[in-house]
Amino acid sequence: MANVSTTICGIPFSNPVMPAAGPTSKDGAMCQAAAAGGAGAIVTKTISVEPADVPRPCMADLKGGFLNTELWSELSKEQWLKTEYKLAKDTGLPLIVGLGYTAEQIAELAPLVKPYADALELSTHYIGKDLTPIINALKAAKKAVDVPVFMKMSPHPNIQEIALAIEAAGADGLVMINSFGPCMSIDLNSGLPLMGSKSGYGWLSGAAIKPLAIRCIYDVASVVKIPILGVGGVTNGRDAAEMFMAGASAVQVCTEGILRGPNVYGKIVTELEQFLDAHGYASIENIKGLTIRKMQEREAMFTPTVPQIDRQKCKMCGLCEVSCVYGAISRSEQLRIDPAKCFGCSLCISRCRFNALRMPNAQQPPEVHHG
């Protein structure tokens, strides 16, 4: 079995899958449930000086994604300090304590949580161009504690520039990405927004934002030396592997934990181990940053090629034929791809449920998850 243990900033993790700061770690009991479900660490829901007044309704499952108006913890800092952190600490797992949002608030909170925290995760939800609030929040935390401090980042357009500035300011690691928004969805029965915020807006998370998270991780891992905890759309072990290939050192899970319960962490770990074994990788270190290295070595890009067919795997289901807008795929006694018509878009490869199609010279067919 492949080795999925890792060490980040001197902290040993039995596995690299953990809840993200949010409803799945909203109190000590939920943290213990995550540990029992197979998480390799605990990230507590972000607290601030005052408890949050969360607008409700605050969560909705959408086709392909998840919408929320979640804020920081609705529990007081006093309750966390008296009860919840102790329960989380009792799991025996590394405990990353979430704090927000301003430098002044973090300066007040960081010394209070110091006895419990193996690391801090700072959230500022700041998406402007002036980096001063982010840098000041980081400096306030670094001044108050002697444990690693991770900064959670929104999907900024200039994310490399911001990441480099945060690294230069002393961050020990990055967490990316936060949910994306504002977004909106409407209840067709009432005509009202699904979210209970004053504007009706919410923030998008779940599988819909994974490509955005992968791009952000890949961009930042290409320029910084500090570790990245990937978050955003992880639903299974293959998603986790994809984040490692983009450059992450661990992954956090929120939406899938809400939808499927705390056993999802162990399930993702098992699937990650199976992926590594099936592809001949001894550990997660073998795939960490793999895509960055591959892209550096890549010479010919976007060269049109005709997919190869593994006829033993092909079930003649016709899904590839239906979705080929170039009319290159046909079925008679067997599947056929017309090289003269094939545009090389490779959509058929990602559509195939049976991994029966692959690009020439690929080491193995890509693992595709459906449903």
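This is a predicted model: local features need pLDDT of at least 70, side-chain atom pairs count only at pLDDT 80 or more; totals for chains, interfaces and linings use all residues.
Me: What makes the contact between α7 and α10?
Reply: From α7 you have F244, M245 and A246, and from α10 there are L290, T291 and I292. Sort the residues of that contact by type and you get five nonpolar, one polar and no charged.

Me: How do you know that the buried residues of α5 sit on the same side of the helix?
Reply: The buried residues of α5 (residues 159–168) are I159, I162, A163, I166 and E167. Around the axis they cover an arc of only 135 degrees, and therefore they lie on the same side of α5. Here's the background: an α-helix has 3.6 residues a turn, so residues three or four places apart point the same way.

Me: And what covers the buried residues of α5?
Reply: The cover includes α4 (132–144), β9 (149–153), β10 (173–176) and α6 (210–221). As for what comes after α5, that's G170, with a positive phi near 115 degrees.

Me: Why is the W80 and Y85 pair called tilted?
Reply: The structure holds four aromatic pairs. In the one formed by W80 and Y85, the rings are 5.0 Å centre to centre, with 40 degrees between the planes. Rings pair if their centres lie within 6.5 Å, and planes under 30 degrees apart would be stacked, over 60 edge-to-face.

Me: Why is N355 called buried, while S346 is called partly exposed?
Reply: Buried means under 20% relative accessible area, and exposed means over 50%. N355 has 15%, so it is buried. S346 has 28%, which lies between those cut-offs, so S346 is partly exposed. N355 has a positive phi of about 55 degrees although it isn't a glycine, and S346, also a residue other than glycine, has a positive phi near 70 degrees. You'll find S346 in the loop between β17 (335–337) and α12 (347–351), and N355 in the loop between α12 and β18 (357–358).

Notes: Residues are numbered from 1 along each chain as its sequence is written. Side-chain values use heavy atoms; hydrogens and water are left out. Rings of Phe, Tyr and Trp (its six-membered ring) pair if their centres lie within 6.5 Å; planes under 30 degrees apart count as stacked, over 60 as edge-to-face and the rest as tilted. Contact means heavy atoms within 4.5 Å. Helices (H or I, at least four residues) and strands (E, at least two) are DSSP runs, numbered from the N terminus. Ala, Val, Leu, Ile, Met, Phe, Trp, Tyr, Cys and Pro count as nonpolar, Asp, Glu, Lys and Arg as charged, and the others, Gly among them, as polar. Buried means under 20% relative accessible area, exposed over 50%, partly exposed in between (1.4 Å probe, protein chains only). The arc is that of the directions from the helix axis to the C-beta atoms.
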